[in-house]
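Thanks for sending this one over.

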Amino acid sequence: MGIPYSYSFRNLWTRRLTTVLTASGMALVVFVFAATLMLAEGLRKTLVDTGSYDNVVVIRKSAQTEVQSGIDRSQAAVVETQPEVAIAGGERLAAKEIVVLISLPKRGSGKPSNVIIRGVGANSLLMRPQVRVVEGRMPRPGSAEIMAGASIAKRFQGGGIGETLRFGMRDWTVVGIFDAGSTGFSSEIWGDADQLMQAFRRPVYSSMIFKLRDPSEFARVKERLESDPRLTLEAKREITFYADQSEAMAKFLRILGVTLTIIFSLGAVIGAMITMYAAVANRVTEIGTLRALGFQRGSILAAFILESLFLGLLGGVVGLFFASFMQLVTISTMNWQTFSELAFTFSLTLGIIGKSLLFSLVMGFVGGLLPAFRAARMNIVDALRAT
């Protein structure tokens with residue numbers, strides 16, 4: 001049983017050029033497949049990591065985003081006084097926020113793109129430990145000062161520290177840069193909520209956020225808020241809220257990736273099939289010799305399938321190797337839910353590695369199945385007579 005398998009692997013080495021070309025075609029397909037999954041996962045991870053499990057976001061019912069939402073001051077007061085809201089230093093950990101979209105030109109190209117302006121309260125930073133001021137300072141309450149996310153400062157004109165942005169018919173000075181890691185907050189600009197409400201003539205808040213004193217109490221406070229006749233609000237865990245923001249874009253990326261992968265994989269499978277058919281044609285006499293020595297059809301079949309699977313696995317490993325470098329790339333796109341620009345990176349997970357390797361093995365198996373059957377069904381006498 002061992003001879004046909006070692007024989008097949010030695011032939012792969014003997015036909016090095018053909019092996020490399022076939023494996024390269026499969027590697028390209030796996031690269032596209034893995035990169036697309038990494039793109040969708042990076043988008044999802046960026047928005048999910050933006051939220052915290054013990055934080056609750058409250059928006060108007062039927063509103064899909066904070067931009068579409070509105071909460072008046074009386075409703076905000078009711079939300080703020082819920083018994084499930086955590087208390088620290090004698091203050092309730094809740095914040096009333098306003099979210100507005102503005103258009104800013106990008107550095108270099110000058111091309112405009114939508115950016116989120118978030119009006120925050122004194123407790124907004126306390127409830128988001130992933131946000132750190134890395135340069136400058138926090139904006140002073142009641143002033144026309146703002147701080148920009150690291151991604152904004154790098155990619156948009158006027159976003160750097162000490163620079164000035166004009167919106168809401170006022171000039172705003174950037175006094176700080178904050179880093180929120182690989183979260184969506186890095187693509188936002190923060191300022192004092194009351195000042196931004198006046199500048200944009202907004203009489204209501206966009207959303208409220210509060211920290212739960214006990215994460216297990218979420219269902220209770222959600223039911224109370226959503227059944228209160230004075231309110232027209234709904235509550236979501238912050239991680240759920242931001243996960244919903246990525247749903248449409250991630251679904252589109254997955255569909256696009258699957259479509260491209262199917263198209264490319266057909267070419268790779270055909271290439272593998274041609275390679276294996278050529279291998280069978282070139283080894284007719286050798287196959288006949290193995291059969292004459294007593295090796296069964298099943299052994300010949302398994303040997304050729306194993307050879308094709310190895311080609312697929314080799315292509316999968318190479319494709320994943322090059323796809324892993326995509327994690328060093330940061331891209332920006334428009335979030336279809338909020339219509340604002342969002343910067344994120346590719347993300348490689350164990351699940352994506354497993355799916356990619358499985359996909360490469362399937363390509364190898366499909367490409368080698370028919371040639372393997374042909375090799376196994378050869379007549380011993382006819383094979384030995386071939387020249």
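1. Which residues does Glu 41 touch, not counting those up to four places away in sequence? Please keep in mind that the model is predicted. The partners of Glu 41 are Ser 347, Thr 349 and Ile 352, with residues up to four places away in sequence left out. Glu 41 itself sits in helix H2, which covers residues 16-50. Its relative accessibility is 18%, so Glu 41 counts as buried, because the cut-off for buried is under 20%.

2. Staying in helix H2, have a look at Ala 34. This residue is buried, with a relative accessible area of 0%. Ala 34 touches Leu 320, Ala 323, Ile 352 and Ser 356, again leaving out residues up to four places away in sequence. Ala 34 and Leu 320 are 286 residues apart in sequence, yet their C-alpha atoms are 6.8 Å apart in space.

3. The protein has 387 residues, and 50% of them are buried. Its secondary structure comprises 11 helices and 14 strands. Of the contacts between residues at least 6 apart in sequence, 78% join residues at least 24 apart. The accessible surface is about 17800 Å², with 63% of that belonging to carbon and sulfur atoms.

4. On the surface there is a nonpolar patch made of Phe 9, Leu 306, Phe 310, Leu 314, Val 318, Phe 321, Phe 322, Phe 325, Leu 328 and Val 329. Together these residues have about 880 Å² of accessible area. Helix H9 (residues 297-324) is the main contributor, giving six residues to the patch.

5. Next, the hairpin of E8 and E9, which has two residues between the strands. Strand E8 (residues 164-167) and strand E9 (residues 170-179) run antiparallel and are joined by four bridges. Thr 164 stands opposite Thr 173 in E9. E8 has Leu 165 and Phe 167 on its covered face, while Thr 164 and Arg 166 are on the uncovered one. Arg 166 is exposed at 55% relative accessibility, and its side chain forms a salt bridge with that of Asp 171, at 3.0 Å from N to O. Asp 171 is partly exposed, with a relative accessible area of 45%.

6. If you check backbone torsions, the turn of that hairpin deserves a stop. Gly 168 has a positive phi of about 60 degrees. Met 169, in the loop between E8 and E9, also has a positive phi, near 60 degrees, although Met 169 is a residue other than glycine. Met 169 is exposed, with a relative accessible area of 58%. Elsewhere, Arg 201 has a positive phi of about 55 degrees and is not a glycine either. Arg 201 belongs to the loop between helix H5 (193-199) and E11, and it counts as exposed at 60% relative accessibility.

7. Last, the charged pairs. How many salt bridges does the structure hold? There are 17. In one of them, Glu 238 pairs with Arg 128, with the closest N and O atoms 3.6 Å apart. Glu 238 is in helix H7 (residues 238-282) and Arg 128 in the loop between strand E5 (112-120) and strand E6 (132-136), so this pair ties together parts that are 110 residues apart in sequence. Both partners are buried: Glu 238 has a relative accessible area of 0%, and Arg 128 has 2%.

8. Another salt bridge joins the side chains of Glu 217 and Arg 213, at 3.0 Å from N to O. Here Glu 217 counts as buried at 10% relative accessibility, whereas Arg 213 counts as exposed at 51%. Salt bridges with shared partners also link Glu 66, Glu 97, Arg 118, Arg 128, Glu 188 and Glu 238 into one network.

Terms used:
Residues numbered from 1 in each chain as written. Predicted model: local features only at pLDDT ≥ 70, side-chain atom pairs only at ≥ 80, totals over all residues. Heavy atoms only, no water. Patch = residues over 30% accessible without salt bridge, like charges linked within 9 Å, V, L, I, M, F, W, Y side chains within 5 Å. Areas by Shrake-Rupley, 256 points an atom, 1.4 Å probe, with all protein chains shown as cover. Salt bridge = Lys/Arg side-chain N within 4 Å of Asp/Glu carboxyl O. Buried < 20%, exposed > 50% of the residue type's maximum accessible area, 1.4 Å probe, protein only. Contact = heavy atoms within 4.5 Å. Pairing = 2+ DSSP bridges.
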